[in-house]
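These are my notebook entries on one structure, kept in the order in which I looked things up. I begin with the terms and then turn to the contacts.

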Amino acid sequence: MEEMIKALPQHTNSWSKGKMIMYKYQDFWSIKHLIEGAILAQQSFKAEPSDVFLCSAPKTGTTWLKSLSFAILTREKFDESTTPLLTKFAHECVPLLENSHVVEHENIRKNLSLPLISTHLPYASLPESVISSNCKIVYIYRNIKDVIVSQYHFGREALKLSMEDAPFEEAFNDFCKGVSGYGPYWDHVLGYWKASLERPEKILLLKYEDLKSEPKSNVKRLADFIGSPFSVDEEKAGVVDNIIKFCGFENMSKLEVNKTGKINGSLFENRFYYRKGKVGDWMNYLTNEMKEKIDKLTDEKFDGTSLLLK
Ligand code: PAP
């Protein structure tokens, strides 16, 4: 494995002061231990028809989607005062498939309380059984400019670099070249989008901005799709509204586990996953010139699609 990774194309992100080395495996960029996990997952992971995969490029709403899906599927057992999400980080409730050095693949399933698994892998790199089995996939995506800003701050915080030490412009340029977490981001979104057109019964696409602006209809779509629709009585009793409120940024970011916790052995503190949770924060970071550059690239990549990432 070591030799194989060493032979892959490499890129050291200049904004990271040489601390972040990315490798290109298949057609995406990521860091070493996640590529190792991806290879192991491709070799050994077997999807079950009842599995629900929560797929995303990093910083597009993964943590939110995990909390919502977990709360939806466990609502008969727990309410807002008893849910494990009060004390357990969303990424512990729903494991990341390619984090295989932490959770052995055969144990992923044993340790699952629900058939919910997440992955950042592009569609084309999913383990074959995920594509061929009847399991479901929910894919969340987000405005590209907010993703750039969110990935930048996450990486910077993890490496303990100040904004002065980690120039945003350099991170932006890497992102435009496609060197971002599981990037190029455009290809990531296009892969799932195309697959969802071919297999709408298998793949549901959700957009971060739509979840923000119309949470109720989108959370209901999510519940329907993952096989746990809300009844009329539940809706009347406020169950949907309660889940939306509980999983909202306001509430989740204030929970002790999300303010001070950290997954064992991880570089990342739980609070890094709850930064601002806003639409349009990119306006505070991108210059006009940067905005024009990324919008032009996005127009070119998404020409002929109905996708809006701007
Ligand atoms: P991951 O892919 O590494 O798991 P992910 O959860 O997708 O990360 O991204 C974190 C982003 O989602 C952060 O965005 P920001 O940097 O622009 O603030 C984080 O704040 C946001 N986020 C986390 N939880 C929620 C939530 N409940 N509602 C809305 N946004 C959220």
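**Entry 1: terms and model.** I take helices (H or I, at least four residues) and strands (E, at least two) as DSSP runs, numbered from the N terminus. The model is predicted, and I therefore kept local features only at pLDDT of at least 70 and side-chain atom pairs only at pLDDT 80 or more, while totals for chains, interfaces and linings use all residues. Residues are numbered from 1 along each chain as its sequence is written, and side-chain values use heavy atoms, with hydrogens and water left out.

**Entry 2: backbone at lysine 59 and elsewhere.** I looked up lysine 59 and found it in the loop between β4 (52-56) and α3, with a phi near 70 degrees, a positive value in a residue other than glycine. I note for context that most residues other than glycine have a negative phi, and most peptide bonds are trans. For burial I use relative accessible area, where buried means under 20%, exposed over 50%, and partly exposed in between (1.4 Å probe, protein chains only). Lysine 59 has 15% relative accessibility, so I count it as buried.

Glutamine 26 also has a positive phi, of about 50 degrees, although it is not a glycine. I place glutamine 26 in the loop between β2 (21-25) and β3 (28-30), and at 40% relative accessibility I count it as partly exposed. I then checked the peptide bond from glycine 183 to proline 184, which is cis with omega near 5 degrees; proline 184 lies in the loop between α8 (168-176) and α9 (185-198).

**Entry 3: the ligand shell.** Which residues come nearest to the ligand? A residue counts as near if one of its heavy atoms lies within 4 Å of the molecule, and of the 21 residues around the ligand, Lys59, Thr62, Thr63, Ser150 and Lys276 come nearest.

I next looked for polar contacts, that is, pairs of N or O atoms within 3.5 Å; within protein, one atom must be able to donate a hydrogen and the other to accept it, and residues adjacent in sequence count only if both atoms are side-chain atoms. A ligand oxygen lies 2.9 Å from a polar backbone atom of glycine 61, and a ligand oxygen is 3.0 Å from a polar backbone atom of threonine 60. On the side-chain side, an N or O atom of histidine 120 is 3.3 Å from an oxygen of the ligand. The protein covers 97% of the 640 Å² of accessible area that the ligand has on its own, these areas coming from the Shrake-Rupley method with a 1.4 Å probe, and for residues only the protein chains shown count as cover. The elements that give two or more residues to the shell are α3 (62-73) and α10 (208-213), and the largest share, three residues, comes from α3.

**Entry 4: helix α3.** With twelve residues, α3 reaches 16 Å from its first C-alpha to its last, close to the 16 Å expected. Eleven of those twelve residues are buried, so I describe α3 as largely enclosed by the rest of the structure; the buried residues include Thr62, Thr63 and Trp64.

**Entry 5: salt bridges.** I count a salt bridge where a side-chain nitrogen of Lys or Arg is within 4 Å of a carboxyl oxygen of Asp or Glu. How many does the structure hold? There are 14 salt bridges.

The side chains of lysine 145 and aspartate 295 meet in one of them, at 2.6 Å from N to O. Lysine 145 lies in helix α7 (residues 144-158) and aspartate 295 in helix α16 (residues 288-301), so the pair ties together parts that are 150 residues apart in sequence. I find lysine 145 buried at 2% relative accessibility, and aspartate 295 is buried too, at 10%.

The salt bridge between lysine 32 and glutamate 2 has a distance of 3.4 Å, N to O. This pair links distant parts of the chain, with lysine 32 in helix α2 (residues 32-44) and glutamate 2 in helix α1 (residues 2-6), 30 residues apart. Lysine 32 is partly exposed at 29%, and glutamate 2 is partly exposed at 41%.

Conventions: Expected span 1.5 Å × (residues − 1).
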